[in-house]
There are 2 protein chains.
Amino acid sequence: MTDATQERLLQAAEEIFADKGFKAASVREICKAAGANVAAVNYYFGDKERLYIEAVKYAHRSCTQGEPLPVWLPGTPPLQKLMDFIRVFTTRMMKPSAAASLQLMMREMAQPTAACVEVVRDYIRPMAEQLQAILRELRPDVPPDALYLYGFSIVGQCLFYRQNRPIAALLVGEEGFQKFDVERVTRHITAFTLGALGLADQLPAVATAEVAP
Amino acid sequence: MTDATQERLLQAAEEIFADKGFKAASVREICKAAGANVAAVNYYFGDKERLYIEAVKYAHRSCTQGEPLPVWLPGTPPLQKLMDFIRVFTTRMMKPSAAASLQLMMREMAQPTAACVEVVRDYIRPMAEQLQAILRELRPDVPPDALYLYGFSIVGQCLFYRQNRPIAALLVGEEGFQKFDVERVTRHITAFTLGALGLADQLPAVATAEVAP
DNA sequence: ATTTGTATGAAACAATTGTTTTAATGTCAA
DNA sequence: TTGACATTAAAACAATTGTTTCATACAAAT
């Protein structure tokens with residue numbers, strides 16, 4: 001039961017920090033949820049802030065395992081890769097396998113603290129580079145910094161459904177928003193992006209390949 | 001100096017709530033910044049929460065005045081309207097005339113509280129409906145709920161540059177991110193969106209009209 | 001000048017915060 | 001069993017929190 005306490009503390013901290021943020025979450029609440037004594041956080045982590053940082057790292061580990069980045073066979077058409085990427089990203093945002101973990105990471109991204117650098121290095125950058133590679137394949141003629149703008153447009157679309165879900169649901173109604181599930185959003189963003197890249201004519205090929213692999 | 005205290009209290013509350021959030025901001029800090037006594041918040045607003053709500057409303061008023069929605073002459077081509085809309089939205093996000101006000105509103109949108117409904121009604125919905133009208137003009141053939149997806153894609157792109165600025169800057173480097181100013185982002189999002197709508201061929205017309213009106 | 005009501009100021013209140021101390025408990029090797 | 005060490009538990013600490021009390025200052029009206 002020795003390191004189990006530390007583990008339970010991390011899980012509880014992840015959940016409660018994700019829910020309320022650093023300041024609003026109290027160590028007493030976390031310890032109660034973990035079934036541990038208040039002194040435990042000092043014993044294992046030193047203070048509240050270091051517990052927070054460890055909780056973010058913990059969340060970031062859980063997140064990376066959830067929905068892994070696709071690995072493609074050589075020769076996979078870049079269009080297929082793009083749609084796969086968008087699907088993975090959208091799924092991670094809309095149907096995260098570990099909701100609290102993602103929530104805590106998003107919190108950290110919105111207001112970066114000490115734990116942010118590692119999150120970017122281990123979680124964000126790999127996805128960003130993969131997307132850049134796909135876009136380079138699709139449009140070798142576009143200069144690098146313009147490719148960044150394309151990338152921002154794609155992930156911006158995906159992130160919207162998480163970062164602004166409450167507002168969007170308030171606008172179109174909760175029941176109306178339910179219709180926009182992962183699959184529909186994925187297809188929309190893919191089609192929207194392909195059109196923007198001037199590759200709209202190649203869309204049917206991807207859609208077909210999706211239905212009958 | 002009577003109602004001036006209330007006004008200064010609101011301004012200070014807006015600033016500090018925007019900076020730290022509801023829980024982390026203390027009434028003593030706000031009162032000190034406003035040059036008022038701690039009892040003033042109770043006297044004028046009752047308690048901290050009602051001060052917060054009033055601060056959000058105050059912020060939302062400041063925001064609406066800053067960069068007004070464009071009003072077009074009859075006969076303005078919808079393409080021009082779209083680019084104008086994107087420019088206004090992007091400007092509001094990247095170069096807000098009242099930084100603290102916008103920050104507080106974004107905070108409220110990320111974690112809606114009691115003040116959120118009014119913000120949506122008075123600030124968000126008017127913009128949403130204007131965008132929907134433009135899109136309907138551009139693509140009358142597309143059904144309404146698909147138009148919502150288009151709208152989400154557009155505002156998702158714009159919001160990215162505010163909600164994820166720290167991360168984006170961390171990815172491409174701060175100096176690299178500086179290159180993406182309002183004008184360049186506006187042109188990119190407009191071109192990206194027109195391509196997605198299958199109207200890429202009409203882009204030059206807008207760009208020209210922009211340079212020589 | 002007196003009175004009435006509003007506004008401010010300083011102090012105190014009770015509750016909660018993060019953190020520390022100290023004693024008790026458990027565990028495992030000698 | 002004894003000892004050493006790791007872990008837990010309860011209590012106390014000092015600081016900060018939102019809120020309230022009450023006396024004072026000020027204003028305008030009678």
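Author: What follows is a set of questions on how each label was reached. Bear in mind that this model is predicted.

Reader: How do you know that chain A counts zero strands?

Author: The secondary structure of chain A comes to 12 helices and zero strands. Read along the sequence, the pattern is α-α-α-α-α-α-α-α-α-α-α-α. A strand needs a run of at least two E residues. Zero strands are counted in chain A, so no such run is there.

Reader: What are the spans of chain A along its principal axes?

Author: The C-alpha trace of chain A spans about 65 × 40 × 30 Å. Chain A exposes about 10,000 Å². Carbon and sulfur atoms supply 56% of that area.

Reader: What share of chain A is buried?

Author: Buried residues make up 51% of the 213 residues in chain A. For contacts in chain A with a separation of 6 or more, 70% come from residues 24 or more positions apart.

Reader: Which domains does the assignment give for chain A?

Author: The assignment gives domain 1 (2–55) and domain 2 (64–211). Their C-alpha centres lie 32 Å apart. The contact between them takes 10 residues from domain 1 of chain A and nine residues from domain 2 of chain A.

Reader: Why is A:E67 called partly exposed?

Author: The relative accessibility of A:E67 is 31%. Buried means under 20%, and exposed means over 50%. The value for A:E67 falls in between, so A:E67 counts as partly exposed. A:E67 lies in the loop between helix 4 (48–66) and helix 5 (78–94) of chain A.

Reader: What makes A:V88, A:T91 and A:R92 contacts of A:E67?

Author: Contact means heavy atoms within 4.5 Å. A:V88, A:T91 and A:R92 are in contact with A:E67, leaving aside neighbours within four places in sequence. A:E67 and A:T91 are 7.9 Å apart, C-alpha to C-alpha. That figure is taken between C-alpha atoms, whereas the contact test uses heavy atoms. A:E67 and A:T91 are 24 residues apart in sequence.

Reader: Is A:V182 buried or exposed?

Author: A:V182 has a relative accessible area of 16%. The cut-off for buried is under 20%, so A:V182 is buried. A:V182 lies in helix 11 (residues 182–196) of chain A.

Reader: Which residues does A:V182 touch?

Author: A:V182 touches A:T90, A:T91, A:M94 and A:K95, not counting residues up to four places away in sequence. A:V182 and A:T90 are 92 residues apart along the chain. Their C-alpha atoms are separated by 6.5 Å.

Reader: Why is A:N164 called buried?

Author: A:N164 has a relative accessible area of 3%. That is under 20%, so A:N164 is buried. A:N164 is found in the loop between helix 8 (144–163) and helix 9 (165–172) of chain A. Not counting residues up to four places away in sequence, A:N164 touches B:M109, B:L159 and B:Q163.

Reader: Why is A:I124 called buried?

Author: The relative accessible area of A:I124 is 13%. Buried means under 20%, so A:I124 qualifies. A:I124 lies in helix 7 (residues 116–138) of chain A. A:I124 touches A:M109, A:V119, B:I167 and B:L171, with residues up to four places away in sequence not counted. A:Q202 is 78 residues from A:I124 along the chain, and their C-alpha atoms are separated by 29 Å.

Reader: What makes B:A191 partly exposed?

Author: B:A191 has 28% relative accessibility. B:A191 is found in helix 11 (residues 182–196) of chain B. B:A191 and B:M94 are 97 residues apart in sequence and 19 Å apart in space, C-alpha to C-alpha.

Reader: How do you know that B:C116 is in no disulfide?

Author: A search of the whole structure finds zero disulfides over all chains. For B:C116, the nearest cysteine sulfur is that of B:C63, 14 Å away. A disulfide needs two cysteine sulfur atoms within 2.5 Å, so B:C116 is in none.

Reader: Are B:C116 and B:C31 buried or exposed?

Author: B:C116 has a relative accessible area of 3%. B:C31 is at 2%. Buried means under 20%, so B:C116 and B:C31 are buried.

Methods:
Residues are numbered from 1 along each chain as its sequence is written. Chains are lettered from A and ligands numbered from 1 in the order in which they are written. This is a predicted model: local features need pLDDT of at least 70, side-chain atom pairs count only at pLDDT 80 or more; totals for chains, interfaces and linings use all residues. Side-chain values use heavy atoms; hydrogens and water are left out. Buried means under 20% relative accessible area, exposed over 50%, partly exposed in between (1.4 Å probe, protein chains only). Helices (H or I, at least four residues) and strands (E, at least two) are DSSP runs, numbered from the N terminus. Accessible areas come from the Shrake-Rupley method with a 1.4 Å probe; for residues, only the protein chains shown count as cover. Domain bounds come from an automatic or database domain assignment.
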